[in-house]
Amino acid sequence: MNYLFYISSIVAIAATVMVITRHQPVHALLYLVVSFLGVAMIFLSLGAPFVATLEIILYAGAIIVLFIFVVMMLNLGRESAIQERQWMQPKTWIGPSILTAILLGELLVLLTMGGSAPMPQQTVDLKKIPLSLYGEYVIAVELTGFLLMAGIVGAAHIGRHKKKYLHRFLKQEEEAV
Amino acid sequence: MQHVWIVLGVLFVLLNIAAGLIWVERRMLAMWQDRLGPNRAGPLGILIVLADTLKLFFKEDWIPPFADKWVFIVAPAVVVGSVLMSFVIIPFTPQIIVSDLNVGILFFLAMSSLGVYSIVLGGWASNNKYSLLGAMRGASQMIAYEVFMGLSLMGVVMLTGSFKLGDIVNAQKDMWFVVKQPLGLILFFIAGIAETHRLPFDIPEAESELVAGYHSEYSGMKFGMFFIGEYLGITLISAVTVAMFFGGWLGWSFLPPWAWFFLKTFVFILFFILLRASLPRPRYDQLMETGWKILLPLALANLMITGAVALLVRG
């Protein structure tokens, strides 16, 4: 089972690297989908099928579709790809890469020292998840609900149409009523 | 070894059904519209399947120079792949099932949500205004209808207490779930038609306004993949409907279980074709409005009432 974990991790990491380096936004989003599928496989190999399917349904199946939808609407052409290429200069990515390389080094040192216990592999059955969500973590769930509600109210407010009258007669008619 | 045989057998049967549906659909449409339909090649015209397939194989497989080549090629593979993956959880009989996952229904929903990509990517990669319009319609339609597709199935899941399709079929020994969940069935079927973008909900490819929508630029076997994907989608939705609401393989003992499953599934496939023969296409905004303002609240109400009743009966 460990092999499956490592293979899917490598796929996920490689796909994520491709997400960052693609110039064409839709290609980047496609690799992001692959990366989510890889993460879902990681969850599956760790014995959490429920989280894995939710990862696919929510992230790969809904959120990224919306991203692609927006990118399609924006109709980004060749200019944006050129702009992306200009932004991918070494001077922009070299700083953060050095810092993350240091963190990665630390992580490797910790892993090779073997100080931490390996992750327990156990199957989390479906019942445990809702029970802990609506029992132990109920406040977190409700707060997330508040946050989402605020988001929806904001979106509804921004998306509200101003009423347009195609003809002044129609306006007068409505005002008369 | 047995698993390999099951997988190969299921694949063989499904692809043949998808091809055979070309003939079934054209003959049935003709019957319902007072025509004859294809009746020349072979007995009752059944060799039209062969002729159509050969034609698709030998047509020039044209990739437009303005298209995004790799995405253009991947898109038709996604639709067939995702639909075929969904068949993993379909219990044809207690023995013939590729894998009775304990997240069965969720797996089906996950795969059908990935199917959206074929439309979106195909339309985008074609680099054609009609295709793009079709792709945008398809994406918004499928996202809107996916939401209550999942919710409409949750009533059955609540009554069974399991996501496994095998358990769900076994729970219908005394009474099919269509009796307890009629609203769930109607909502699921409407969502299923929208998911497979079949008529009357074929708005992403509405030929009277968008040429052929997201697959305008496709030709040859790539177009054939979209075609097969659509027929496989019909078969999948019919099979899930049968397993969830009509007792799957259960039936009287004079027929074997697999025959019951195929018989019931075939009835729903015919119903899909009858819908195509009889209903006009709604306008795009009407479709979205019914989805969000009528069907989604109905699905939520169904879920709430089912939950309340289940609690009362058990409690």
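What follows is a list of selections, with a note on what sits at each.

**Before you click**

This is a predicted model, in which local features need pLDDT of at least 70 and side-chain atom pairs count only at pLDDT 80 or more, while totals for chains, interfaces and linings use all residues. Residues are numbered from 1 along each chain as its sequence is written, and chains are lettered from A and ligands numbered from 1 in the order in which they are written.

Overall, the model scores ipTM 0.79 and pTM 0.83.

**Stop 1: chain A**

Select chain A and switch to cartoon. There are eight helices and zero strands, giving α-α-α-α-α-α-α-α along the sequence. Helices here are DSSP runs of H or I with at least four residues, strands are E runs of at least two, and both are numbered from the N terminus.

Now colour chain A by domain: domain 1 covers 2-118 and domain 2 covers 127-177, with bounds from an automatic or database domain assignment. Their centres, taken over C-alpha atoms, are 31 Å apart.

How much of chain A is buried? Of its 177 residues, 14% count as buried. A residue is buried if 20 or more other C-beta atoms lie within 10 Å of its own, exposed if 12 or fewer, and partly exposed in between, with C-beta atoms placed from the backbone.

Zoom to 138-158 of chain A, which is helix H7 with 21 residues. From first C-alpha to last, H7(A) reaches 30 Å, close to the 30 Å expected at 1.5 Å a residue; the expected span is 1.5 Å times one less than the number of residues. The number of buried residues in H7(A) is zero, so this helix lies largely in the open.

**Stop 2: where the chains touch**

Show both chains and pick out the contact, which takes 19 residues from chain B and 14 residues from chain A. Two residues are in contact if their C-beta atoms, placed from the backbone, lie within 7 Å. On the chain B side, the elements giving two or more residues are H4 (104-114), H5 (116-125) and H6 (129-160). H4(B) gives the most, with six residues.

**Stop 3: helix H9 of chain B**

Select 182-195 of chain B. H9(B) has 14 residues and reaches 20 Å from its first C-alpha to its last. Among the elements of chain B, H9(B) has the highest mean pLDDT (90), and H10(B) (residues 207-210) the lowest (77).

Is H9(B) enclosed or in the open? 10 of its 14 residues are buried, so H9(B) is largely enclosed by the rest of the structure. The buried residues include Leu185(B), Phe188(B), Phe189(B) and Ile193(B). The partners they pack against include H11 (220-245), H12 (257-278) and H13 (284-314) of chain B.

**Stop 4: two positive phi angles**

Step on to His197(B), in the loop between H9 and H10 of chain B. His197(B) has a positive phi of about 40° although it is not a glycine. His197(B) is buried, with 24 other C-beta atoms within 10 Å.

Then jump to Asn127(B), in the loop between H5 and H6 of chain B. This non-glycine residue also has a positive phi, of about 60°. Asn127(B) is partly exposed, with 16 other C-beta atoms within 10 Å.

**Stop 5: Val83 of chain B**

Select Val83(B), found in helix H3 (residues 69-86) of chain B. Val83(B) is buried, with 27 other C-beta atoms within 10 Å. Not counting residues up to four places away in sequence, Val83(B) touches Gly115(B), Gly229(B), Leu232(B), Gly233(B) and Leu236(B). Draw a C-alpha distance from Val83(B) to Gly229(B): they are 146 residues apart in sequence and 7.0 Å apart in space.

**Last stop: Ala243 of chain B**

Finish at Ala243(B) and show its contacts. Leaving aside neighbours within four places in sequence, they are Ile90(B), Pro91(B), Leu165(B), Ile168(B), Val169(B) and Gly248(B).

Note on methods
pLDDT = per-residue confidence, 0-100.
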